[in-house]
Amino acid sequence: MKVSYTLKETFKNLWRNRLMSFASITSVVATLIILGTIFILVLNINNVSEGAKDQFTSIEVYLEDGLDFNETESIGSEISALQGVKLSEYKEKNRALEEYKEQWGKDGYLLDGFADNPLPNSYVITLTKIEFADYVVKKINEIEGIEEVRYDKDFISKIISISEYIKTIGFILILILIAISTFIINNTIKLALDSRRTEISIMKYVGATNWFIRWPFVLEGTILGFVGAMISTGIMYVLYNYTYTILTSDFYSLIAVYLVGVDKVLSDSMVLFITIGCGIGALGSITSIRKHLDV
Amino acid sequence: MIKFNQVSKRYKNGVVGLRDNTISIEKGEFVFLIGSSGAGKTTFVKLILKEIEPSQGRIFLDGDDITKLHRRKIPYVRRKLGIVFQDFRLLPKMTVAENVAYTLEIVGGYSKRKIRSQVSMVLGVVGLLDKSNMKPHQLSGGEKQRVSIARAIINNPKVLIADEPTGNLDPETSWEIMKILRQINRRGTTVVMITHDKEVVDIMKKRVIELNDGKIIRDQMNGGYGYEG
C-alpha cells in the first residue's frame with residue numbers, strides 16, 4: 001500500500017502544482033537542448049578535425065609549368081631528403097584531373113569542359129608527423145621551380161580553436177542553466193512539501209526515518225528531470241535528423257562524410273540527457289528538502 | 001523513564017527555554033506539566049522528542065542517554081514515544097483505520113494481518129470501532145482526538161506525550177479523553193500531559209510539575225493546578 005500510495009501522491013502533487021511542474025520541465029528541456037546542441041557541435045567538430053588531420057599530414061607542392069624531366073626529378077629528391085618527409089609522390093597533371101573527376105562523382109562532367117588541363121604537375125608529400133609541417137613548408141619554398149606550396153594547417157587550427165571556444169562558452173552557459181533549472185525544481189518541491197506539511201510532521205513524530213520522508217520528494221524531482229530528458233531527446237532527434245538530412249543532400253555532400261550519424265548522436269545524447277536531467281531533478285529536490293524540511 | 005539532569009536550553013536567538021532543571025519521571029507515572037505560556041513546557045517536550053538539543057545537562061529516556069544523538073538515530077527514539085497534539089493532526093483523506101494504521105506502516109515490519117488486529121485493538125481502547133471507516137471530517141472534535149490517541153498508542157510506546165489534548169474540546173468531551181488517558185496509564189504507559197485545564201488537573205489528583213520562566217517551581221504528587229488558575 002505504501003509504495004503505490006506514495007506514487008499516487010507524487011503524481012497528484014505534480015498535477016496539483018502543474019504550472020510549476022510545467023516550468024520545471026521546460027527549464028530542464030531548455031537546458032538539455034542547449035547542452036545537446038553544444039554536445040553535437042563539439043562531437044562533429046572533433047570528428048571533422050580527427051578525420052581531417054590525416055588529410056593535413058599531406059602537403060601539395062605545385063611545380064612551375066615547363067620544367068624538364070631532370071629538373072622535376074631533382075626537386076623530388078631534394079624534397080625526399082627533408083626531415084619529416086615520409087613519402088613524396090609525383091602527380092602528373094592529367095592524373096590530378098582524373099582524380100578530381102572521380103572525387104566529384106556524378107558532377108565530374110563539369111570538368112570535361114576544359115580544353116587545356118589547368119592543373120599543374122605536383123608532388124604530394126606525406127609527413128611522418130603533422131608537427132613537421134611548418135619546417136617542411138619553409139624548406140620547400142626555398143627550392144627553385146616551385147610555384148606554390150599548399151598546406152591547410154590554418155584550417156585545422158581554426159577548427160580546433162572554434163571547438164575550444166564553443167566548449168568554454170557552452171560550459172559556462174550550461175552551468176548557469178543547470179543552476180536555474182535546479183532552482184525552479186527546488187521551488188516546485190517546496191510547494192509539494194507545503195501541501196504535505198501535516199503528513200510530514202506526523203511521519204516525523206511516529207518515527208519515520210529521514211530518508212523514508214525524503215524519498216517521495218526526491219522521486220518527484222527526479223521524475224520532472226526525467227520527463228524533461230525524454231522530451232529533449234525527442235526534440236533533439238527531430239532537429240538533428242532534419243539538419244543531417246539537409247547536410248547530406250547532394251549540395252553539401254563533401255561535409256556529410258564527417259558528420260556523426262543520427263543514431264549515435266541519439267543514443268549518446270539520450271544517456272547524457274537522462275543523467276543530467278535526473279541529476280538536476282534530484283539535486284533540486286534534495287536542496288529543497290534540506291532547506292525547507294527540518295528532518 | 002525520563003530523567004533531566006541539570007538541563008538548560010538557550011535558543012539561538014537568546015531566549016531561554018529552560019534553566020538548570022533536574023527531574024525524574026518514573027515508569028507508569030501520570031504527570032501534568034503546567035505553567036503559563038513561555039514557561040518552558042514546550043521546550044521540555046521538544047527536548048524529549050529530540051526536536052532540539054539541550055545547551056547543558058543530560059537527558060535520559062528509558063535508561064538511554066539521549067542528550068546527543070546522531071540525527072539518523074532520532075527516529076528510533078521517537079518510536080518509543082506516542083504523541084497527541086491539540087490540533088489532532090489527522091490525515092483528511094484517510095479513514096480512521098488508515099490514520100491509525102499509518103504509524104505501523106511507516107515504522108514497517110508488520111504484516112497486514114497484524115496491522116489490522118492492532119488497529120481493532122486500539123480503536124476498541126478509545127471506543128471508536130464502529131467508526132473505523134469514517135473520514136476525519138465526519139467526526140466530532142472529541143472523536144478526532146480519540147483517533148489521534150489510538151494512533152499514538154498503536155506502537156505500544158513507553159511514554160505518551162499529550163500536548164494540550166483537551167485544549168480544543170468542551171469540558172464533557174475533555175473528560176472522555178482524560179478517562180482514556182487514565183486507562184492507557186493504568187496499563188503501564190507513562191503519560192506526560194501539557195495542559196492549561198485547571199479543572200482536569202484539580203480533579204485527576206496526579207503529579208504536577210509547574211514551570212515558570214524556564215525553571216521548575218513546583219513538583220507535587222497528587223497536586224492541583226494552583227492558585228492563579
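1. Helices (H or I, at least four residues) and strands (E, at least two) are taken as DSSP runs and numbered from the N terminus. On that basis, chain B has seven helices and 10 strands, while the secondary structure of chain A comes to 10 helices and four strands.

2. The model is predicted: local features need pLDDT of at least 70 and side-chain atom pairs count only at pLDDT 80 or more, whereas totals for chains, interfaces and linings use all residues. Residues are numbered from 1 along each chain as its sequence is written, and chains are lettered from A and ligands numbered from 1 in the order in which they are written.

3. Burial is assigned by counting other C-beta atoms, placed from the backbone, within 10 Å of a residue's own: 20 or more make the residue buried, 12 or fewer exposed, and a count in between partly exposed. Buried residues make up 26% of the 295 residues in chain A. In chain B, 43% of the 229 residues count as buried.

4. Two residues are in contact if their C-beta atoms, placed from the backbone, lie within 7 Å. Among contacts in chain A between residues at least 6 apart in sequence, 86% join residues at least 24 apart. For chain B, the corresponding share is 68%.

5. The elements of chain A follow the order α-α-β-α-β-α-β-α-β-α-α-α-α-α from the N terminus on. Four strands of chain A form an open sheet in the order 2-3-1-4, with antiparallel pairing; strands pair if DSSP finds at least two bridges between them. Strand 2 (85–91) and strand 4 (146–150) of chain A are the edge strands, each pairing on one side only. On average, neighbouring strands of this sheet are turned by 20° against each other, direction ignored.

6. Strand 2 of chain A runs antiparallel to strand 3 (residues 122–127) of chain A, and six bridges join the two. Within this pairing, Val85(A) has Leu127(A) in strand 3 as its bridge partner. Helix 5 (residues 133–142) of chain A packs on the sheet, where it touches strand 1 (58–63), strand 2, strand 3 and strand 4 of chain A. The direction of helix 5 makes about 170° with that of strand 4 of chain A; axes are lines fitted to C-alpha atoms, for helices over the stretch in contact, and angles run from 0 to 180 degrees between N-to-C directions.

7. Helix 10 (residues 262–292) of chain A has 31 residues and should span 45 Å at 1.5 Å a residue; the end C-alpha atoms are 43 Å apart, which agrees. The expected span is 1.5 Å times one less than the number of residues. Among the buried residues of helix 10 are Phe273(A), Ile276(A), Gly277(A), Ile280(A), Gly281(A) and Gly284(A). An α-helix has 3.6 residues a turn, so residues three or four places apart point the same way.

8. At the interface, 14 residues of chain B are in contact with 14 residues of chain A. Helix 2 (74–78) and helix 3 (96–107) of chain B each supply at least two residues of the side of chain B that touches chain A. Helix 3 of chain B gives the largest share of that side, five residues.

9. Asp20(B), in strand 2 (residues 16–25) of chain B, has phi near 45°, a positive value in a residue other than glycine. Asp20(B) counts as partly exposed because it has 13 C-beta neighbours inside 10 Å. Lys50(B), in the loop between helix 1 (41–48) and strand 4 (56–61) of chain B, has positive phi near 65°. Lys50(B) counts as buried, with 20 C-beta neighbours inside 10 Å.
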